[in-house]
Amino acid sequence: MNWIDTHLWLIPAMPLIGVLTHIFLGSVIGRKAVGIIACLLVFISLCLSVWVFVRLLGMDPEHRHIMNHFLPWIHVGSFKVDWAFRADPISAVMVLVVSGVGFLIHVYSTGYMAGDPKYIRFFAYLNLFAFAMLLLVLASNVLLMFIGWEGVGLCSYLLIGFWFEDIENAKAGLKAFIVNRIGDFSFIVGMLFLFWYMGAKVPGGKYTLDFYEINSMAHMLPTWVAVTACVLFFGGAAGKSAQIPLYVWLPDAMAGPTPVSALIHAATMVTAGVYMIARFSGLYLNAPDAMMLVATVGAATALFSATIAVAQNDIKKVLAYSTVSQLGYMFLGVGVGAFQAGIFHLMTHAFFKGLLFLAAGSVIHGMHNEQDMRKMGALKSKLPYTWITFMAAWLAIAGFPGFSGFFSKDEILWKAFSSSHGHWGLWLVGFAAAGLTAFYMTRLIVMTFYGEKRWDEGVHPHESPPNMTVPLIALAVLSVIGGYVGVPALLKGGNHIEHWMEPAVTWTVSEEAARGHEAVVAGHGHHATAAATEHHGEHGSEHAMEGLLMGASVAVAIGGILIGWWMYTRRRDIPEKVANNWPMAYKTVLNKYYVDEIYHWAVIKNVLRLTWFSGKFDNWVIDGAVNGSAWLTRKVSGISGWIDNNFVDGTVNAVAEITRGIGARFGKVQTGRVQQYLTLAAAMVAIFIVGVILWPSIELAGKELYRQLFHIAAGS
Amino acid sequence: MIPIGHILAVGAAMFCIGLFALLSRRNAVAVFMGIELMLNAANLNFVAFSHYHSQSIDGIVAAVFVIMLAAAEFAVALALILSLYQTFRSVHLDDADEMKG
């Protein structure tokens with residue numbers, strides 16, 4: 001046992017310490033200390049992550065797996081959910097990316113946010129995000145991942161609306177939160193459905209939420225169950241990772257501070273959906289139809305948002321749509337069963353897209369918060385570090401040979417074509433998106449750094465301070481060399497990252513699902529790996545095909561770059577002509593295919609109408625009933641009060657008056673003279689005695705009188 | 001021998017004189033003298049009936065009890081009268097009419 005094996009929990013715990021420190025001691029220790037502590041804690045997480053990685057490297061490749069049961073949580077019978085953390089090849093890569101890029105962006109933020117009055121709060125949120133994201137990545141079960149999942153969603157909301165003084169930012173945060181909620185709902189339903197079915201319906205199954213148990217039992221599920229669960233999980237992933245139809249929140253999310261866009265909305269949080277699907281790889285391999293859906297949606301998103309990015313003028317909007325597009329690539333990758341390629345692209349994308357956003361932030365910072373590319377240009381000499389790092393990221397995302405994006409994107413495209421889940425149509429869409437990516441990124445570069453200067457008077461672009469440029473340089477280095485961990489065999493590389501992650505995505509596949517993968521070869525058994533059949537064709541023709549496709553993607557990347565360069569430096573009139581000749585098409589793309597408007601018309605308006613109606617219902621019917629009953633009560637109590645005053649009180653008072661009157665009269669009798677009382681008593685005694693003595697004769701006399709009267713009456 | 005009727009007549013007379021004194025005298029001491037007279041009228045009856053109608057000494061014992069009681073009562077009464085005097089500077093019962101309604 002190694003010390004780190006039982007202390008995986010420290011990785012997410014570190015930023016959590018930061019959150020508590022900033023919240024409770026932030027104003028005591030001051031801004032500078034907050035910034036240092038925030039960065040330092042994430043750096044400790046990074047060091048621990050490296051330690052975990054090295055530890056896993058030292059293990060037998062088939063058993064690279066560390067479980068850390070930190071705290072018990074829910075124990076019901078044999079069902080257990082713990083605060084348990086798992087490091088395996090996938091989560092080790094993710095945790096390195098999250099803490100590494102996270103650390104660099106924390107450092108960058110100390111410069112970018114330096115003048116902001118809410119500096120301390122910003123770092124509290126950022127640390128909270130790091131905590132939630134690391135929790136999500138290291139979680140060993142779905143429920144714990146869901147905590148992280150919701151945590152990052154919360155941080156995303158808080159940070160998009162960080163400058164909530166502007167109502168538009170607050171609205172953007174709300175939009176992100178609500179759209180994510182739709183996906184999260186799907187995630188929960190999927191989780192409960194799978195949990196219920198595995199425990200209650202599968203013979204030999206058990207109630208479990210552990211990823212490895214789910215994946216290894218997935219082949220026992222009927223295919224329709226696996227497909228349903230996978231589609232529901234993909235709904236969650238599509239919300240978090242901004243895929244069609246739930247991508248609309250991500251471009252608006254750029255309302256947040258730029259480091260947030262880089263960390264949350266480009267490098268880490270939005271890739272959580274891809275990671276989740278890779279975590280459920282065993283389940284997805286048993287659901288071929290769901291994988292097809294994932295791949296198709298991914299490819300469609302990649303192309304769709306790339307076309308939108310072409311026409312945007314806001315530098316962050318271009319990058320936002322580019323992010324959506326690249327996420328589409330990742331889904332294309334995991335959708336065709338190339339989970340490693342998806343995660344690989346996730347990693348390189350975290351480097352170069354994080355860098356693009358940070359560099360764009362540096363530009364915006366230097367241009368005094370100007371985001372419109374039409375007011376930039378010729379910034380190359382003014383912002384030298386930003387420019388050179390931007391160039392590295394540009395070549396990486398465009399897929400220029402030798403840069404990180406080239407390797408990962410090409411791997412996805414090749415798997416989209418060759419994998420048993422793949423299809424040449426998917427490849428073609430991805431290919432077209434690659435060309436567009438190269439084109440719009442070139443357009444962005446040219447409009448920002450080259451050509452004539454178009455800034456307003458009074459703007460003096462300046463390079464950012466070192467705590468911003470150093471992270472840029474670090475990320476630029478990663479963007480350039482990050483791809484060399486996954487050089488394909490064709491280029492005499494070892495493709496280390498793919499082999500590294502292979503054990504974590506290799507699962508047993510049911511026969512039913514295996515029939516769905518048309519190309520499963522006899523003798524291959526039911527032991528499908530991701531990218532199942534790659535090595536089963538003839539190696540020669542396979543390699544020739546791979547080489548051909550690689551050549552094609554290089555060609556389309558370079559072609560896109562050259563066309564973009566030529567069009568935006570020499571022939572500025574062509575884009576204008578295109579826009580003028582096809583105004584409908586141009587406007588449609590400029591307005592993002594009116595998707596927001598369609599959603600507004602189809603969903604939001606109806607929801608608002610319903611809200612209005614329920615508001616009116618509340619106002620009139622419910623409030624009316626309440627007010628009516630209040631009015632009635634008041635009237636009734638008025639009447640009862642009147643009765644009380646006049647009858648009840650009257651009776652009581654009358655009784656009191658009578659008592660008092662009687663008392664006053666009889667009180668006179670009490671003179672206080674003892675002798676008078678005695679006289680009365682003696683008189684009474686005397687009357688009594690006289691009465692007793694005389695009674696027989698009185699009685700006699702009475703009887704006589706009566707008899708005589710009766711006699712008289714009878715006689716007459 | 002004196003007939004019982006005479007003795008009872010003397011007793012009734014004494015009772016009436018006592019009652020008259022009780023009801024008519026203003027001085028508290030005189031009122032008590034009236035009470036004593038009434039008690040002794042009753043005693044006289046006890047003794048008379050004992051002597052004429054009973055062969056036992058029951059009536060005489062009762063008379064002795066009454067005399068003792070009267071002595072004890074008079075001690076209490078004198079204390080009351082002194083207290084009355086201290087409060088009202090008078091032993092006239094008419095002056096002590098604090099309890100009138």
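Predicted model: local features only at pLDDT ≥ 70, side-chain atom pairs only at ≥ 80, totals over all residues.
1. Residues are numbered from 1 along each chain as its sequence is written, with chains lettered from A in the order in which they are written.

2. α12 of chain A spans residues 288-310 and α17 of chain A spans residues 424-449. Helices here are DSSP runs (H or I, at least four residues), and strands are runs of E of at least two. The two helices pack at about 25°, with axes 9 Å apart. Their crossing is left-handed.

3. Which residues of α12(A) meet α17(A)? Among them are A:Ala295, A:Leu303 and A:Val310. On the α17(A) side, they include A:Leu426, A:Gly430 and A:Tyr440. Contact means C-beta atoms, placed from the backbone, within 7 Å. The contact has 15 nonpolar, 3 polar and no charged residues.

4. Chain B touches chain A through 10 residues, which contact 12 residues of chain A. The chain B side has 5 nonpolar, 1 polar and 4 charged residues. Asp, Glu, Lys and Arg count as charged; Ala, Val, Leu, Ile, Met, Phe, Trp, Tyr, Cys and Pro as nonpolar; the others, Gly among them, as polar.

5. Chain B has 3 helices and 0 strands. Its C-alpha atoms fill a box of roughly 50 × 25 × 25 Å, taken along the principal axes.

Definitions and conventions:
Axes fitted to C-alpha atoms, helices over the stretch in contact; angles between N-to-C directions. Left-handed = near helix turned anticlockwise from the far one by under 90°. Contact = placed C-beta atoms within 7 Å.
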